[in-house]
Amino acid sequence: MIKRFRKNNLGEAKDFFKTNGFIVVEDAFDQELLNDFKEEFASVIKAYLAKAKIKDQIMDFELFHKGMELLEKKDHMYVAAVYDTIFLTPSFLRIASQKFTSDIVRILLDNVTAPLYGYTNRCLIAPPSDDRRTYGWHQEVFYTIPEGRYIQTWAPLIDDTSTLNGTIEIAVGSHKEGIAPQTWKDIKGRATQIIVSDDVLAKYEKVSLPMKLGELLLFSGFLAHRSGTNISSMHRYSLVGMYHDVSEIKFITPTLNFSYRGKTPKEYYDKEVGN
């Protein structure tokens with residue numbers, strides 16, 4: 001049984017984190033925040049169904065599964081566009097930037113008072129029976145800003161997560177390894193795999209962590225973890241991200257590079273104004 005904490009009872013949370021490398025907060029997100037996000041996300045899917053000229057009649061409760069399947073069938077570009085749209089909507093930004101998350105991150109980072117830098121805070125979309133973007137057992141140290149000091153987050157966003165739909169799995173206490181022995185593998189058609197050694201993983205209890213809407217997992221960047229395989233018939237939606245300590249001496253922000261899927265600003269200018 002995984003110990004869970006509540007907002008008003010975090011007294012032992014820091015000690016638990018130091019021992020185990022993670023904590024789970026039961027009541028981290030207000031239901032109103034989650035409802036606003038779900039409504040806005042549904043509207044985003046509807047918008048891309050219209051752009052894709054998909055005429056199928058889809059009930060609202062089917063949007064997150066059947067709607068996404070239809071977009072994938074039409075062209076994966078539309079699914080990718082949904083993914084890149086939702087994380088900058090106001091409702092998602094309110095979730096990712098809520099004060100409670102910042103407060104508990106500061107506590108877990110030894111009461112740091114410096115600003116935090118939210119990095120790759122996204123809504124991860126995991127379709128059924130598709131592990132192309134799924135990572136094996138890994139630490140986050142080589143997937144984020146090098147030599148940073150940070151806390152990671154993970155939480156369900158649309159439905160509860162379970163072993164069936166591939167909830168997160170953790171190796172309890174593995175953060176004590178520091179940077180563990182691991183192997184970098186670039187595999188065609190899959191996400192880069194930087195996999196922790198089996199010898200390291202054998203030392204620690206590995207736990208699948210079902211989570212309910214409203215709960216938030218916070219864990220060390222050194223904790224070995226992975227997402228399970230989604231063997232259900234529905235998509236899984238989860239919050240993933242990191243909060244870096246800006247005062248860490250070696251921390252420096254990366255540059256942000258946006259590219260355009262469609263017409264570029266210069267092409268638009270040339271069409272409308274240019275000679």
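Which residue in E8 is the bridge partner of Val24? In this predicted model, the bridge partner of Val24 in E8 is Leu217.

**Strand E1 and its pairing**

Strand E1 covers residues 22–25, and E8 covers residues 216–220. The two strands run antiparallel and are joined over 4 bridges. In a regular strand the side chains alternate between the two faces of the sheet. E1 shows such an arrangement: Phe22 and Val24 point one way, while Ile23 and Val25 point the other way. Every one of these four residues is buried.

**Nonpolar cores**

The largest nonpolar core has 66 residues, and the members that touch the most others are Phe22, Ile23, Phe41 and Leu71. Helix H2 (residues 31–51) is the element that gives the most to this core, with 9 residues. Another core lies apart from it and consists of 8 residues, including Ala171, Val196, Leu201 and Ala224.

The surroundings of Ile23 can be listed in detail. Leaving out residues up to four places away in sequence, Ile23 touches Phe5, Ala13, Phe16, Phe17, Ile104 and Leu108, as well as Leu216, Leu217 and Leu218.

**Helices H2 and H4**

H2 also packs against helix H4 (residues 76–86), and the two axes come within 10 Å. They cross at roughly 145 degrees, and the crossing is right-handed. From H2, the residues in contact are Phe37, Phe41, Val44, Ile45, Tyr48 and Lys51; from H4, they are Tyr78, Ala81, Val82, Thr85 and Ile86. Sorted by class, this contact has 9 nonpolar residues, 1 polar residue and 1 charged residue.

**The three-stranded sheet**

An open sheet is formed by 3 strands in the order E7-E4-E9, with antiparallel pairing. Strand E7 (206–208) and strand E9 (225–227) each have a single partner strand and stand at the edges, so one side of each has no neighbour in the sheet. From one strand to the next, the twist averages 20 degrees. Within this sheet, strand E4 (residues 168–171) pairs with E9 over 3 bridges. The bridge partner of Ile168 in E9 is Ser227.

| Strand pair | Sense | Bridges |
|---|---|---|
| E1 and E8 | antiparallel | 4 bridges |
| E4 and E9 | antiparallel | 3 bridges |

Key: Residues numbered from 1 in each chain as written. Predicted model: local features only at pLDDT ≥ 70, side-chain atom pairs only at ≥ 80, totals over all residues. Heavy atoms only, no water. Buried < 20%, exposed > 50% of the residue type's maximum accessible area, 1.4 Å probe, protein only. Pairing = 2+ DSSP bridges. Core = buried A, V, L, I, M, F, W, Y, C linked by side-chain atoms within 4.5 Å. Contact = heavy atoms within 4.5 Å. Axes fitted to C-alpha atoms, helices over the stretch in contact; angles between N-to-C directions. Left-handed = near helix turned anticlockwise from the far one by under 90°. Nonpolar A, V, L, I, M, F, W, Y, C, P; charged D, E, K, R; others polar.
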